[in-house]
Amino acid sequence: MCGIWAVFGSSGDIFTHCKAAFKIAHRGPDAFRLESIYRFPSCCLGFHRLAILDAQHGMQPMRVSQYPHVWLIYNGEIYNHANLQQEFDFHYATKCDGESIIHLYAQGGIEFAAKHLDGVFAFCLLDTTNKKVYLGRDTFGVKPLFRILKEDGFLSACSEVKGLGDNPTATVEQFLPGHVETYDLDSIGRATFVERTRFHKIGDAPAYKTVVNPTDKDIKASIRTLFEAAVKKRMMADRRIGCLLSGGLDSSLTAATLVTLAKEQNLPYPVQTFSIGMKDSTDLVAARKVAKHLKTEHHEIVFKPEEGIAAIESVIYHLESYDITTVRSSVGLYLLSKYIKQKTDTTVILSGEGSDEIAQGYIYFHKAPSVEDGNEESSRLCKDLYMYDVLRSDRSTSAWGLEIRVPFLDHQFSSYYISLEPEMKAPKYGIEKYLLRSAFDKTGLLPAEILWRPKEDFSDGVSSQTRSWYEVIQDFVDEQIDDTELEESSHRFPHNPPRSKEALYYRRVFEKFYTGQGHLLPYYWMPKWSTSSDPSARTLKHYKLEVFELQEEFDFHYATKCDGKSIRHLYARGRIDFAARHLEGVFVFCLLDTTSKNVYLGRDTFRDKPLFRILMGNVCFIRLLQGQSQFGYGSPDDFECDIMDYKQVTLEDDITVGEFIDSTKLQKLRFYLALKKKTDISLDSESDDSLPNIRSPKRARYASALFYQDPEVLLGPTDRPSNMDETVNLQHDIYVLLEEYSAEPFSTRQNQDNLTTASRPETAIEERIIHVRRVNCMADLMDAFLEDKAFHKSSRLSAR
């Protein structure tokens, strides 16, 4: 990550412009140079360096003795510079990857040079012999470049808008990715635009020789091979390499591949991974799981709402954008980059940007009218990527002198993936990026729960479960913007008029730093095929069961407006797997078919709703696991919703299985098992919100298990175990309460929300044994039971 700056055709003292060059010093904290050009006193080149390769010889402006008339400043990484040296027999004077640009230009011109670069870059090349200036930028625009061209021949170019100085009358333009521009210089250095040439189009195969190539026989294997090669290229560095890790698919695949390659290459340090979020955020929990699986040196940063709010103005200054979702999601990355810079020695960080655009990863792709429409939208997103996610990742990290690398935007990987048939790239079975996920399924690279975790916007993933980042921002902007100002804002800002207080606040801050440059954002990023007024993924209907779409598709006749009715209708139409495959949303269910005497238990693919089962004694109440396949734990191709025959539910004598009570209001799932001991036991309940009454002889034994996310709901605040860690994540860790009674019969109705001893008749209780376990997954839950031998002994229950 470096900063480049150039001025040509200055009408006054050239050094009056140089102070603007210092505004991008954060991009290159290791070294700085300004150099005027002999025979062109109105021209000057500037460079801020972040030294990643060849710290001794890689300073810029770069010149080599073979071509002393060529001056080069560039920002980026050229991954095939060594291959180019062998292919064309170049004689490099340094080990710096950018030197290859000079040799390629001398070999065949600027377009020839750009076509042969495998990497990401923004450059300015000056040929003093031919009096030419060339500007160029990589295909996706991973590296930024802006320019100003005036009628009087003044040309300036810079990595960021702020480095172009205060030019209120000048129009700043983004340099188009995948292009090179040519300018003529007159005798005193004034520039005249000559032509703009596209050297590469997104999706086109590389023009240079590639080392690793796909195979036509196995698409999924090709995806894995090319992605691994993309990560391997991006390990080219003399500085420490780490990885951003949100716990989502893209960052997790990147981190897992990096860790694998690091072991193969025997890197002299452990890979550091970094995640950020507010307290209890889903990203922190998921990233923690991945880091534990990969055995990385993991750094977890929790930021407070006030810290995020305080950073917004600085974030907008560095972003040079007022796009709503870009600003929201940049705050977390900005604060994380600050931590990495100040607390670690990692300088190069890999990230998962670009996957959502290439692989149709956004939730709204589920709403595409056709696969062709989805493919067209993917192409549009890729084309505009440099103004949104790529901009966010570059500016948020460069603000703290870090270099970010994005393997999903690798030339070869992206062109191969984009070239695949639209049907293959479209969401399947209600799962976005299905092809990408399935390519790495069963490889052991990642836990299935991470590989199939649903897409979340970065600003959603970092949110606390009690108060989201979105809500924090809305409360803040409500205090900053009044209704009248919002109503009048469309007159002040006719381009991209703000529609919300949040949008107006961002625009107001942007204009303070970059007055009159609102055109740099062509439109607010918003999901397509959606009526949502907010870009957050959480506002999309994908997070709910699409009950009425199913009704229309299959001509179901619903008796109620409850979305869950669709499950019964789908089951009646086909089988249980047919029903589950057609559900778009998050859910758990238990379905009893009294005719076939089968019980079915199901869970959504992404495990967004909690559900567990227990095996007690010789009784298999519900078998949710079968080998390595579990609905919600594997890909839909491996879907098996397990079946229990009622006739098999026996111990030594008959057993009565109590009902499932699914209370959506309390978000808890309860089940009861009554075990026979010499005499019959029956269960009945007065209503769905009551505990079952137990009527049995004196020594009847009753066991219950209840699952919830907060132990205080199970035990009550006064019964919280003294040894329970106060800092545990109450929202995302599951706690289990087991109670056992040796009791006289009682029929007093109990309050479902209060399971404390005080709420039960004293005469009904001889002993009460409470065991609380913190569990993160089914395996942990089973281990908790198996380890608790004291409970086994007292309860005469065993778990498998």
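Start with the six strands that form an open sheet, in the order β2-β3-β1-β9-β8-β10, with antiparallel pairing. (Strands here are DSSP runs of E with at least two residues, helices are runs of H or I with at least four, and both are numbered from the N terminus; two strands pair if DSSP finds at least two bridges between them.) Now colour β2 (31–37) and β10 (173–174): they stand at the edges with a single partner strand each, so one side of each has no neighbour in the sheet.

Before you move on, know what you're looking at: this is a predicted model, where local features need pLDDT of at least 70 and side-chain atom pairs count only at pLDDT 80 or more, while totals for chains, interfaces and linings use all residues. Residues are numbered from 1 along each chain as its sequence is written, and side-chain values use heavy atoms, with hydrogens and water left out.

Next, select β1 (residues 3–8) and β3 (residues 40–49), which pair in the antiparallel sense over five bridges. Which residue of β3 is the bridge partner of G3? Look for H48.

Leaving aside its neighbours within four places in sequence, F8 is in contact (heavy atoms within 4.5 Å) with residues including S42, C43, L45, F154 and L185. F8 also belongs to the largest nonpolar core, with 150 residues, where W5, F8, I223, L253, F440 and Y506 touch the most other members. Such a core is a set of buried Ala, Val, Leu, Ile, Met, Phe, Trp, Tyr and Cys residues joined through side-chain atoms within 4.5 Å; buried means under 20% relative accessible area, with a 1.4 Å probe and protein chains only.

Now jump to two helices, α9 (residues 324–343) and α12 (residues 389–398). They pack at an angle of about 30 degrees, with axes 8 Å apart. (Axes are lines fitted to C-alpha atoms over the stretch in contact, and angles run from 0 to 180 degrees between N-to-C directions.) Show the side chains where they meet: among them are T326 and L333 in α9, and L391 and S396 in α12.

Last stop: P535, in the loop between α20 (501–513) and α21 (547–554). Is P535 buried or exposed? P535 counts as buried because its relative accessibility is 5%.

Finally, zoom out: the protein chain has 26 helices and 30 strands, and buried residues make up 60% of its 800 residues.

Methods
Buried means under 20% relative accessible area, exposed over 50%, partly exposed in between (1.4 Å probe, protein chains only).
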